[in-house]
Amino acid sequence: MTLPDDAAIAAVPLPTYAAAMAVAYGCCYALAKTCLRQAPCVAVAGDAIFGLVYYPLLFVLALDASFDLYADATLRWTGTTSTSVVLGKLLVSRMVVHMPYIFLKRSREEVELRPMYVVHHCIVIVAYGAGVARSLSHFWGAAAALCEATNVFLTVDELLLSAPGVRARPWLAAPQRWLQRGFKAAYVLFRLVLFPCILATMARDVRAMAPADYARLGPFELVVFPAAVLFVFGLSVSWAVAALRPDPRAPPDAPALPVTSPRGHPSGAKTN
């Protein structure tokens, strides 16, 4: 059996990605309902199971596309790779499927934050949908998606919260300390540092861009996507205090992740 290459996977239509996402979410929800019956919220547990594969995959794809498209301004704004196309379709399709899934989450915190989640998802769909459709700004999308590194750590913590008896076991104290340290390092590097660097580099490129390249760009590339990056950077700054302090839920000597899990970025990664 021959596995499809990157180009074949990238050529799969976006509705097919969305259908696959819906099936995957349904399976994860069913698995959570069967195996994590003690979870405070089955929908959150299902989201965490889904994220165990989804977020590491996004981070790897983002890293690969960022390296491939960084070389010069023309590549950064107009270049594409099979990896960047797959990344964009994964992000957009998840936002489309996750929009109704949000309403399965019933905790007070989730309900209060739901309007922000809906706004975030809409911004992601527009900003990244335009990038996929117009084959522009793929480097910026990949670079922004590097903040999925924080969601890798948060997903593990979310899964532990869905299994309280497992989380409290003494042998998990040390791994949870490292989970916390890894999350904090990723949060600072891939949110508080990364987003300003993206915006500064975009501004520098626009000032120095060749007229032929600039002529290809439109409002989506010059306004919508930078505004989306700025929006999520603002959210990241507002969440920084909660994100970087110890978690009172953690077992003794094992501070874990923040009570309010700060998620979300303009590429459509998880915001809840």
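Analyst: Buried means under 20% relative accessible area, exposed means over 50%, and partly exposed lies in between, with a 1.4 Å probe and protein chains only. Of the 272 residues of the protein, 51% count as buried. The model is predicted: local features need pLDDT of at least 70 and side-chain atom pairs count only at pLDDT 80 or more, whereas totals for chains, interfaces and linings use all residues. Residues are numbered from 1 along each chain as its sequence is written, and side-chain values use heavy atoms, with hydrogens and water left out.

User: What does the secondary structure of the protein come to?

Analyst: Helices (H or I, at least four residues) and strands (E, at least two) are DSSP runs, numbered from the N terminus. Here there are 12 helices and zero strands. From the N terminus on, the order of elements is α-α-α-α-α-α-α-α-α-α-α-α.

User: How many residues of helix 5 are buried, and what should its 20 residues span?

Analyst: The expected span of a helix is 1.5 Å times one less than its number of residues. For helix 5 (82–101), the 20 residues should span 28 Å, and the end C-alpha atoms are 28 Å apart, so the two agree. Helix 5 is mostly covered, with 17 of its 20 residues buried.

User: Which residues have the most contacts inside the largest nonpolar core?

Analyst: A nonpolar core is a set of buried Ala, Val, Leu, Ile, Met, Phe, Trp, Tyr and Cys residues joined through side-chain atoms within 4.5 Å. The largest one has 56 residues, and Tyr 54, Leu 87, Leu 90, Ile 198 and Phe 225 have the most contacts inside it. Two or more residues come from each of helix 2 (14–35), helix 3 (42–69), helix 5, helix 6 (108–134), helix 7, helix 10 and helix 12 (219–244). Helix 3 gives the most to this core, 12 residues. A second, separate core has 10 residues, including Phe 183, Tyr 187, Leu 235 and Ala 243.

User: With which residues is Phe 225 in contact, leaving aside its neighbours within four places in sequence?

Analyst: Contact means heavy atoms within 4.5 Å. With those neighbours left aside, Phe 225 is in contact with Ala 127, Tyr 128, Trp 140, Gly 141, Ala 144, Met 202 and Phe 220. Across the protein, residues 24 or more positions apart account for 79% of the contacts with a separation of 6 or more.

User: How many cavities of 30 Å³ or more does a search of the whole structure find?

Analyst: On a 1 Å grid over the protein atoms alone, a cavity is a set of points where a 1.4 Å probe fits but cannot get out, while a pocket is an open set with protein on both sides within 12 Å along at least five of seven lines; lining residues have an atom within 4 Å of a point. Grid points are joined across faces, edges and corners, and a volume is the space filled by probe spheres set on the points. The search finds two such cavities. The largest cavity has a volume of about 150 Å³. It is lined by 16 residues, and those closest to its centre are Tyr 128, Gly 131, Leu 136, Ser 137 and His 138. Helix 5, helix 6, helix 7 and helix 12 each give two or more residues to this lining, and the largest share, five residues, comes from helix 6.

User: How does the lining of the largest cavity divide by class?

Analyst: Ala, Val, Leu, Ile, Met, Phe, Trp, Tyr, Cys and Pro count as nonpolar, Asp, Glu, Lys and Arg as charged, and the others, Gly among them, as polar. This lining has nine nonpolar, six polar and one charged residues.

User: Is Ser 137 buried or exposed?

Analyst: Ser 137 counts as buried because its relative accessible area is 9%. Ser 137 lies in the loop between helix 6 and helix 7. Not counting residues up to four places away in sequence, Ser 137 touches Arg 76, Trp 77 and Glu 221.

User: Which elements give two or more residues to the lining of the second largest pocket?

Analyst: The second largest pocket has a volume of about 220 Å³. Among its 13 lining residues, Ala 143, Leu 194, Cys 197, Ile 198 and Thr 201 are the closest to its centre. The elements in question are helix 7 (138–145) and helix 10 (173–208), and helix 10 provides the largest share, eight residues. By class, the lining has 11 nonpolar, one polar and one charged residues.
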